[in-house]
Amino acid sequence: MIYLDTFLYYTLFASSVLIYGIGVNKIVEVGITKDINVLNYLKAIISILSTSMLTWLITNFILVPINLIELFPLVSLLLFVAINTFVEGLMRLTTGKSYSEFIISFLIVLLSIFESSSFLNTVLICAGCFASILLLIPFSITFKKRLCSNGQLLDEKYYGYILIFFAILILMLSVWDIGWLNEGVIQ
């Protein structure tokens, strides 16, 4: 049950997009473009999960015993570059298209390692952060369709409107987190 709670917490209430700001630019971009490439997300989740698992193992079994825990971001970066390059090469060979993305995936890896306490917890935090990004894509597309339903073209105002929309979502999730899940807080 605690693992489901961890997954839901990082998917909804500690959303990597809404709370940490990881991937806001991609969510806005997906709302503007019409094409959603599933292979790009598949590559990202493979890179994120494998890098997080390997980094946690190396950190826990090598860096912690020799008191070099401060080096885990470097180890994470090196592993992420190697794994991401390998998966990118496979994708280019099979599909002929480039699916390069770095900063969002790497920040999710760092977040999952920083906030985890076990191997399974690391995997759940990665999956929850990635699910929070996937969960907001339909909201972004719906918001764009709703905003442009009266014939208005997308302009600079769209970015302000969608950031206000995300702020409202953050407030709603924060109120729900305090009011419904923490019984006895509001009496």
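## Report on an all-helix predicted model

The secondary structure of the chain consists of seven helices and zero strands; helices (H or I, at least four residues) and strands (E, at least two) are DSSP runs, numbered from the N terminus. The model is predicted, so local features need pLDDT of at least 70 and side-chain atom pairs count only at pLDDT 80 or more, while totals for chains, interfaces and linings use all residues. Residues are numbered from 1 along each chain as its sequence is written, and side-chain values use heavy atoms, with hydrogens and water left out.

### Overall organisation

Read along the sequence, the pattern is α-α-α-α-α-α-α. Of the 187 residues in the chain, 39% are buried; here buried means under 20% relative accessible area, exposed over 50%, and partly exposed in between (1.4 Å probe, protein chains only). Contact means heavy atoms within 4.5 Å. Among contacts between residues at least 6 apart in sequence, 73% join residues at least 24 apart.

### The nonpolar core

In soluble globular proteins, nonpolar side chains tend to be buried together. A nonpolar core is defined as a set of buried Ala, Val, Leu, Ile, Met, Phe, Trp, Tyr and Cys residues joined through side-chain atoms within 4.5 Å. The largest nonpolar core in this model has 40 residues, and those with the most contacts inside it are Ile27, Ile108 and Phe166. At least two residues of this core come from each of H1, helix H2 (24-32), helix H3 (38-63), helix H4 (72-95), helix H5 (103-114), H6 and H7. H6 gives the most to this core, with nine residues.

Not counting residues up to four places away in sequence, Ile108 touches Ile22, Ile48, Cys126, Cys129, Phe130 and Ile133.

### Salt bridges

A salt bridge is a side-chain nitrogen of Lys or Arg within 4 Å of a carboxyl oxygen of Asp or Glu. By this rule the count comes to two salt bridges. The table lists them.

| Salt bridge | Closest N and O atoms |
|---|---|
| Lys43 and Glu88 | 3.7 Å |
| Arg92 and Glu88 | 3.0 Å |

Lys43 lies in helix H3 and Glu88 in helix H4, so their pair ties together parts that are 45 residues apart in sequence. Arg92 and Glu88, by contrast, both lie in helix H4, four residues apart, which is about one turn of the helix. Through shared partners, the salt bridges join Lys43, Glu88 and Arg92 into one network.

The accessibility of these residues can also be stated. Lys43 is buried, because its relative accessible area is 2%, and Glu88 is buried at 10%. Arg92 has a relative accessible area of 46% and is therefore partly exposed.

### Serine residues in the helices

Ser47 is placed in helix H3. Its relative accessibility is 0%, so Ser47 counts as buried. Leaving aside neighbours within four places in sequence, Ser47 is in contact with Phe80, Ile83, Asn84 and Val87.

Ser105 belongs to helix H5 and is likewise buried, with a relative accessible area of 3%. Beyond neighbours within four places in sequence, Ser105 is in contact with Ala44, Ile48 and Phe80. The C-alpha atoms of Ser105 and Phe130 are separated by 8.7 Å, and the two residues are 25 residues apart along the chain.

Ser174 is found in helix H7 (residues 156-181). Ser174 counts as partly exposed because its relative accessibility is 32%. Ser174 and Leu12 are 162 residues apart in sequence and 9.7 Å apart in space, C-alpha to C-alpha.

### The second largest pocket

Rolling a probe the size of a water molecule over the atoms shows where empty space is left. On a 1 Å grid over the protein atoms alone, a pocket is an open set of points where a 1.4 Å probe fits, with protein on both sides within 12 Å along at least five of seven lines, and lining residues have an atom within 4 Å of a point. The second largest pocket has a volume of about 170 Å³, a volume being the space filled by probe spheres set on the points, which are joined across faces, edges and corners.

This second largest pocket is lined by 12 residues, of which Leu12, Leu135, Phe139, Leu169 and Leu173 lie nearest its centre. Helix H1 (2-13), helix H6 (119-147) and H7 each supply at least two residues of the lining. By class, the lining has nine nonpolar, three polar and no charged residues; Ala, Val, Leu, Ile, Met, Phe, Trp, Tyr, Cys and Pro count as nonpolar, Asp, Glu, Lys and Arg as charged, and the others, Gly among them, as polar.

### A loop residue

Asn67 is placed in the loop between H3 and H4. Asn67 has a positive phi of about 60° although it is not a glycine. At 65% relative accessibility, Asn67 counts as exposed.
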